[in-house]
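Please look over the sequence and the structure below before reading on. The paragraphs that follow move from the whole chain to a few of its residues.

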Amino acid sequence: QNTEKERKIALQEKEIFRLKNVELAEANDSLIKLNEEKNELMGIAAHDLRNPLSGILSFSRKIRTNINKYTSSQIVEMASEMEIASERMFKLIAKILDINLIESGKRNYTSSIINAKEVIDQIVTVYREPAEVKKININMNCTSELIAFTDPDALGQILDNLISNAVKFTFPGNNIEISAFRADDSIRIEVKDGGP
């Protein structure tokens, strides 16, 4: 009888050990996936921070090296663009630092009614000078009123990525075509570059 009891106890302990290993393996897989999602989110954030920083650097360098070349209103306009880029960076950093956002691997979206044309104009203004350096024309064909219910920060990040890549990969002397128009109950935004 003692031998049979010992055998049953041994089998139970073996099963408990097996179940614990299964739980540990599942927890480990979950942690690996969460870490990958966090790394992906950080990679996106790093890319999204680089573009507004580049714009701020470009405008500040222009002011510092050619201050006598610009009128007061032009300097105010450049400072305004630097302020807009800085605000976008602050918002992005606030989202990155949200620990719940990182742990969930998701982004927090806050939608509101906006004019998408204004977001497009802000992003295009940042990239006009880098485009001019490469002798690239940015042509816009956008409806003036593009009212949408969306997250303006997310829309800005998407457009920033598309337009910065268009400037980066378009061959010198070519054009970038940006169009935006209403399509049924949505807004369609197209970025066409002259790259490979």
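**From overall dimensions to a hairpin**

The protein has a radius of gyration of 26 Å, whereas a compact globule of 196 residues would have one near 16 Å; the radius is taken over C-alpha atoms, and the globule rule is 2.2 Å times the number of residues to the power 0.38. Along the principal axes, the C-alpha atoms fill a box of roughly 100 × 45 × 35 Å. This is a predicted model, in which local features need pLDDT of at least 70 and side-chain atom pairs count only at pLDDT 80 or more, while totals for chains, interfaces and linings use all residues. Residues are numbered from 1 along each chain as its sequence is written, and side-chain values use heavy atoms, with hydrogens and water left out.

The protein contains 5 helices and 5 strands, arranged along the sequence in the pattern α-α-α-β-α-β-β-α-β-β; helices (H or I, at least four residues) and strands (E, at least two) are DSSP runs, numbered from the N terminus. Of the contacts with a separation of 6 or more, 75% are between residues 24 or more positions apart, where contact means heavy atoms within 4.5 Å. Buried residues make up 29% of the 196 residues, with buried meaning under 20% relative accessible area, exposed over 50%, and partly exposed in between (1.4 Å probe, protein chains only).

Strand E4 (residues 175–183) and strand E5 (residues 186–192) run antiparallel and are joined by 7 bridges, two strands being counted as paired if DSSP finds at least two bridges between them. They form a hairpin with 2 residues between them, and Ala183 stands opposite Ser186 in E5. Within strand E4 lies Ser179, which counts as buried because its relative accessibility is 15%. Leaving aside residues up to four places away in sequence, Ser179 touches Asn141, Cys142, Arg188, Ile189 and Glu190.

Which backbone angle draws attention to Asp184, in the turn of this hairpin? Asp184 has a positive phi of about 55 degrees although it is not a glycine. Most residues other than glycine have a negative phi. Asp184 is found in the loop between E4 and E5, and it counts as exposed because its relative accessible area is 75%.

Lys135, which is also not a glycine, has a positive phi of about 60 degrees. Its place is in the loop between helix H4 (116–133) and strand E2 (137–142), and Lys135 is classed as exposed because its relative accessible area is 65%.
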